[in-house]
Amino acid sequence: MSLGPDGFNRRKVTVLVGFAEASAAPETVWSLVDAGFDVAAFARKGRTSALRYSRHVVCHEICPPEVDLQRSLADLQSLMTSISVNAGAAQWILFPLDDKGVWLGSKVRIENNWIMAGPQGAQAELALNKCVQTRLAEESGFNVPRTGIARSAKEVFEFSAAEPFPIILKSAECVPVWQGHLHGCRKWICANDGELKRAVAEWGERVPLLVQSFVTGIGEGVFGLAAPGGVRSWSGHRRLRMMNPQGSGSSACISQTVPDDLKRNAETMIERAAWRGLFMIELLRDQSGKLWFVELNGRPWGSISLARRQGLEYPAWHVQLALDPQSQTGIGVSSESGVVCRHAGREFLHLLFVLRGPRSKALSSWPPFWKTVRDMVRVGGGDTVYNWRREDQNVFFADFYSTIKDNLFKSRN
């Protein structure tokens, strides 16, 4: 039994994280374990994940929300009740790790000794609704591509008639619901009328769409911890490669400092939202150097590994702040620029995507194959990797396998 630096008795706090399949799950669990917390996880029934191979956490299965949304919610509620009855902790924390976890966490009843370490109410709506995000981002000083909302094919075609190609179509909701279950809505990049008509037919007006002018560029991220006194522990990264050059999570990224003007915009957005805890703002830098807002993530992000390699323990700090809003956690910890972190499975898939080629004529600047190979084999002495921990190394190998297996099926779309 030990006390953390802010005086909490870690052995009496259990953190329930989920979903276990989230890309940030392993590093988040390790951050919490290293801070002295007990950790449990909720996982999709019948679905494998790297976290199931960790020696630090037990995964409890619930119904996948993709199968039955209300049953998934009921299963999570029952799991929380069971944990609070059977565990020997004095305090329990619910910590969502992905958008679907955030959705469930915003709907369950937080009662007894449970605390929600994640967005609720208006903050949950912001975290899960891209329309709300883009409006707030524009009001906060960010550059936002021309944006429309479409619930019918007619509205999509009206947007395309007013705006030049290329355009991008994506779900307006991070967790789109259709006919009582979560609907997997892909993104479409359209360079002409033919591509747009095919995308609209595939969409089928099932869920609301965000329709935007498509901007090409390099992905960047701004990260921080929002506390009552303002944002602390700023950090940033730039994507060296994306798993899919068409647009996806990074397969390799490098840390960088956050300019003051970007901090001001981000702080304005966070203050207007009354946000608390960790956050990530995803951006895109076009060829002219102009930064464009993409989205806000209100839960751990894929490159949390890179943050932890710099000593930025956002997950543990997030929970500590949920326990005590006046906690000084994260103050005085600075980021380090130039740190590279690679995801082994995504790097392999990146090469396959490059070899396959683009799926839209809008993607005119596709990476050359042999240059990609040269870039990937050039490994610096200080380069680090996602999801590696020597005494929990089965997680790394399971993550490599599941990343390739899961995404090879997706890539057929």
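Seven strands form an open sheet in the order 16-15-12-13-14-17-18, with mixed pairing. Strand 16 (291-297) and strand 18 (384-385) stand at the edges. Each has a single partner strand, so one side of each is left without a neighbour in the sheet. The model is predicted.

### Strand pairing

| Strand pair | Sense | Bridges | A bridge pair |
|---|---|---|---|
| Strand 12 (residues 218-227) and strand 15 (residues 277-285) | antiparallel | nine | Glu220 and Leu283 |
| Strand 13 (residues 230-242) and strand 14 | antiparallel | six | Met242 and Ser250 |
| Strand 14 and strand 17 (residues 340-342) | antiparallel | three | Ile254 and Val340 |

Six bridges tie strand 14 to strand 13, and three tie strand 14 to strand 17. Is strand 14 largely enclosed or left open by the rest of the structure? Strand 14 spans residues 250-256, and six of its seven residues are buried, so the strand is largely enclosed by the rest of the structure. In a regular strand, side chains alternate between the two faces of the sheet.

### Helix 10 and His318

Helix 10 (residues 314-323) contains His318. The helix lies across strand 12, strand 13 and strand 15. Its direction is at about 30° to strand 12.

Why does His318 count as buried? Its relative accessibility is 5%, and buried means under 20%. The His318 side chain also reaches the backbone nitrogen of Leu278 at 3.1 Å.

Which residues does His318 contact, leaving aside its neighbours within four places in sequence? They are Phe95, Ala117, Gly118, Leu225, Arg276, Gly277 and Leu278.

### Helix 6 and helix 7

Two packed helices are described by the angle between their axes and the distance between the axes. Helix 6 (residues 153-162) packs on helix 7 (residues 193-203) at an angle of about 155°. Their axes are 11 Å apart. Angles over 145 degrees count as roughly antiparallel, and helix 6 and helix 7 are therefore roughly antiparallel to each other. The crossing of helix 6 past helix 7 is right-handed.

Which residues meet where helix 6 packs on helix 7? Helix 6 supplies Ala153, Val156, Phe157 and Ser160. Helix 7 supplies Leu196, Lys197, Val200 and Trp203.

Key: Residues numbered from 1 in each chain as written. Predicted model: local features only at pLDDT ≥ 70, side-chain atom pairs only at ≥ 80, totals over all residues. Heavy atoms only, no water. Buried < 20%, exposed > 50% of the residue type's maximum accessible area, 1.4 Å probe, protein only. Helix = DSSP H or I, 4+ residues; strand = E, 2+ residues; numbered from the N terminus. Pairing = 2+ DSSP bridges. Polar contact = N/O pair within 3.5 Å; in protein donor to acceptor, adjacent residues only side chain to side chain. Contact = heavy atoms within 4.5 Å. Axes fitted to C-alpha atoms, helices over the stretch in contact; angles between N-to-C directions. Parallel < 35°, antiparallel > 145°, perpendicular 65-115°, else oblique. Left-handed = near helix turned anticlockwise from the far one by under 90°.
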